[in-house]
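Here are my notes on the model, as numbered points. Please read them with the coordinates open.

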Amino acid sequence: WDVPTIKRGIIRTTYPCSDKEGNIYFNINHKIFLITKNGIFKEYKFDNLVYHIFIDKDNNLWVGQNSG
């Protein structure tokens, strides 16, 4: 966890979503986290704030940001 980001105050997150393989995605501020069905944890950082994530019927992950 990025402790300095958490200490600044506002944390932006949405509900987690899962894909067809059973992997779970969730976001906090500028990052998306992935927990694979095998328990592997991955982190992806973006330059802009992540407002929403969504997995469509074709198993594509969509990322909505405040800019870009």
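1. In this predicted model, Ile 24, Ile 35 and Phe 41 together make a nonpolar surface patch of about 250 Å². Phe 41 belongs to strand β4, which covers residues 41–45.

2. In the pair of Phe 26 and Phe 33, the ring centres are 5.1 Å apart and the planes meet at 25°, so the pair is stacked. The limit that matters here is an angle under 30 degrees.

3. Which residues make up the largest nonpolar core? There are seven in all: Cys 17, Tyr 25, Ile 32, Leu 34, Val 50, Ile 53 and Ile 55. Strands β3 (31–35) and β5 (50–55) each supply at least two residues of this core. The most comes from β5, which gives three residues. As background, nonpolar side chains in soluble globular proteins tend to be buried together.

4. Tyr 25, a member of that core, lies in strand β2. With a relative accessibility of 14%, Tyr 25 counts as buried, because the cut-off for that class is under 20%. Leaving aside residues up to four places away in sequence, Tyr 25 touches Pro 16, Cys 17, Asp 19, Ile 32, Phe 33, Leu 34, Ile 53, Ile 55 and Leu 61. Tyr 25 and Thr 36 are separated by 11 residues in sequence and by 8.6 Å in space, taken C-alpha to C-alpha.

5. Cys 17 is another member of the core. With residues up to four places away in sequence again left out, Cys 17 touches Asn 23, Ile 24, Tyr 25, Ile 53 and Ile 55. Among these, Ile 24 is part of the surface patch, while Tyr 25, Ile 53 and Ile 55 belong to the core.

6. Asn 29 has a phi near 50°, a positive value in a residue other than glycine. Asn 29 sits in the loop between β2 (24–28) and β3, and its relative accessible area of 7% makes it buried. Asn 59 likewise is not a glycine and has a positive phi, of about 70°. The loop that holds Asn 59 runs between β5 and β6 (61–65). Is Asn 59 buried or partly exposed? At 22% relative accessibility, Asn 59 counts as partly exposed, since buried would require under 20%.

7. Finally, the chain as a whole. It contains one helix and six strands, and along the sequence their order is α-β-β-β-β-β-β. Of its 68 residues, 29% count as buried. The accessible surface of the chain is about 5,000 Å², with 56% belonging to carbon and sulfur atoms. Among contacts with a separation of 6 or more, 23% are between residues 24 or more positions apart.

Conventions. Residues are numbered from 1 along each chain as its sequence is written. This is a predicted model: local features need pLDDT of at least 70, side-chain atom pairs count only at pLDDT 80 or more; totals for chains, interfaces and linings use all residues. Side-chain values use heavy atoms; hydrogens and water are left out. Patches are made of residues with over 30% relative accessible area and no salt bridge: like charges are joined within 9 Å, nonpolar side chains (Val, Leu, Ile, Met, Phe, Trp, Tyr) within 5 Å. Accessible areas come from the Shrake-Rupley method with a 1.4 Å probe; for residues, only the protein chains shown count as cover. A salt bridge is a side-chain nitrogen of Lys or Arg within 4 Å of a carboxyl oxygen of Asp or Glu. Helices (H or I, at least four residues) and strands (E, at least two) are DSSP runs, numbered from the N terminus. A nonpolar core is a set of buried Ala, Val, Leu, Ile, Met, Phe, Trp, Tyr and Cys residues joined through side-chain atoms within 4.5 Å. Buried means under 20% relative accessible area, exposed over 50%, partly exposed in between (1.4 Å probe, protein chains only). Contact means heavy atoms within 4.5 Å. Rings of Phe, Tyr and Trp (its six-membered ring) pair if their centres lie within 6.5 Å; planes under 30 degrees apart count as stacked, over 60 as edge-to-face and the rest as tilted.
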